[in-house]
Amino acid sequence: MYHLRKLGNEILQEADKVIFLSETYKDKLINRFVKPKNRELISAKSYVIPSGIDEFWLNNVNSVKQLNSDKVIKLLQVGEISKRKNILTTVKSIELLKKNGYDVQFTVVGKIVDNDIYESIKKLDFIKYISPKPQNDLLEIYRENDIFVMPSITETFGLVYPEAMSQGLPLIYTRGQGFDGQLEDG
């Protein structure tokens, strides 16, 4: 909030350390909200400590997926069904792929937060909806798919990205959001 920026800057100046979940959010905060004269000071005491995934995923690492161009491309999203997760953009992208001859299936796992979005996707024949599942079930779901896709409009970190990576899935995520910058592209 604009009226709290002065207080926020004072807190950042007095802090011994400032911790961020991602480099992206560190840069956004410092470049957008910190006074230019204080940016170097705040940056020098800022650290990025990404969220870690549950040991379950590290104990069940799977090999990297190899896509076969002769089969159905299975895309996966694990996260709430809400505007913030940008599922309708993913749907539009899949429709373009299908028009260009690709056979694509899209599995969406998560809690329905926005019923309007759910209603608009449930009628599509290439989408399979699955309600939230425990880790053991999610493990199998990740392994059944080829690519993890979640181009969130906003994302603080997104533990599902490294969970998907632990199961060998390549990722499609949003540049400039929480997971961006954790690893080199490619």
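The legends below describe close-up views of a predicted model.

**View 1. The whole chain, by count and by surface.**
The protein chain holds 8 helices and 7 strands. Of its 186 residues, 38% are buried. The chain exposes about 11,300 Å². Carbon and sulfur atoms supply 52% of that area.

**View 2. An open sheet of 5 strands.**
The strand order is β5-β4-β3-β6-β7, and the pairing is parallel. Which strands stand at the edges? They are β5 (127-130) and β7 (171-172). Each has a single partner strand, so one side of each is left without a neighbour in the sheet.

**View 3. The β3 and β6 pair.**
Strand β3 covers residues 73-78, and strand β6 covers residues 147-149. The two pair in the parallel sense over 2 bridges. L76 stands opposite F148 of β6. Both L76 and F148 are also listed among the residues with the most contacts inside the largest nonpolar core.

**View 4. Helix α7 across the sheet.**
Helix α7 spans residues 135-144. It lies across β3, β4 (104-109), β5 and β6. Its direction is about 145° to β3.

**View 5. The largest nonpolar core.**
This core has 17 residues. Those with the most contacts inside it are W57, L76, V78, V109, L138, Y142 and F148. Two or more residues come from each of α4, β3, α7 and α8 (160-166). Helix α7 gives the largest share, 4 residues.

What does W57 touch beyond four places away in sequence? The list is Q135, L138, L139, Y142, E163, S166 and Q167.

**View 6. A salt bridge between two loops, K71 to D146.**
The model has 3 salt bridges in total. In this one, the side chains of K71 and D146 meet at 3.1 Å, N to O. K71 lies in the loop between α4 (55-59) and β3, and D146 in the loop between α7 and β6, so the pair ties together parts that are 75 residues apart in sequence. D146 is buried, at 2%.

The closest N and O atoms of K26 and E23 are 3.3 Å apart. Both residues lie in helix α2 (residues 23-33). They are 3 residues apart, about one turn of the helix. K26 is buried, with a relative accessible area of 13%. E23 is partly exposed, at 34% relative accessibility.

The side chains of E119 and K122 meet in a salt bridge of 3.4 Å, N to O. The two residues are 3 apart in helix α6 (residues 115-122), a separation of about one helical turn. E119 counts as partly exposed, at 36% relative accessibility. K122 also counts as partly exposed, at 46%.

Terms used
Residues are numbered from 1 along each chain as its sequence is written. This is a predicted model: local features need pLDDT of at least 70, side-chain atom pairs count only at pLDDT 80 or more; totals for chains, interfaces and linings use all residues. Side-chain values use heavy atoms; hydrogens and water are left out. Two strands pair if DSSP finds at least two bridges between them. Contact means heavy atoms within 4.5 Å. Axes are lines fitted to C-alpha atoms, for helices over the stretch in contact, and angles run from 0 to 180 degrees between N-to-C directions. A salt bridge is a side-chain nitrogen of Lys or Arg within 4 Å of a carboxyl oxygen of Asp or Glu. Buried means under 20% relative accessible area, exposed over 50%, partly exposed in between (1.4 Å probe, protein chains only). A nonpolar core is a set of buried Ala, Val, Leu, Ile, Met, Phe, Trp, Tyr and Cys residues joined through side-chain atoms within 4.5 Å. Accessible areas come from the Shrake-Rupley method with a 1.4 Å probe; for residues, only the protein chains shown count as cover.
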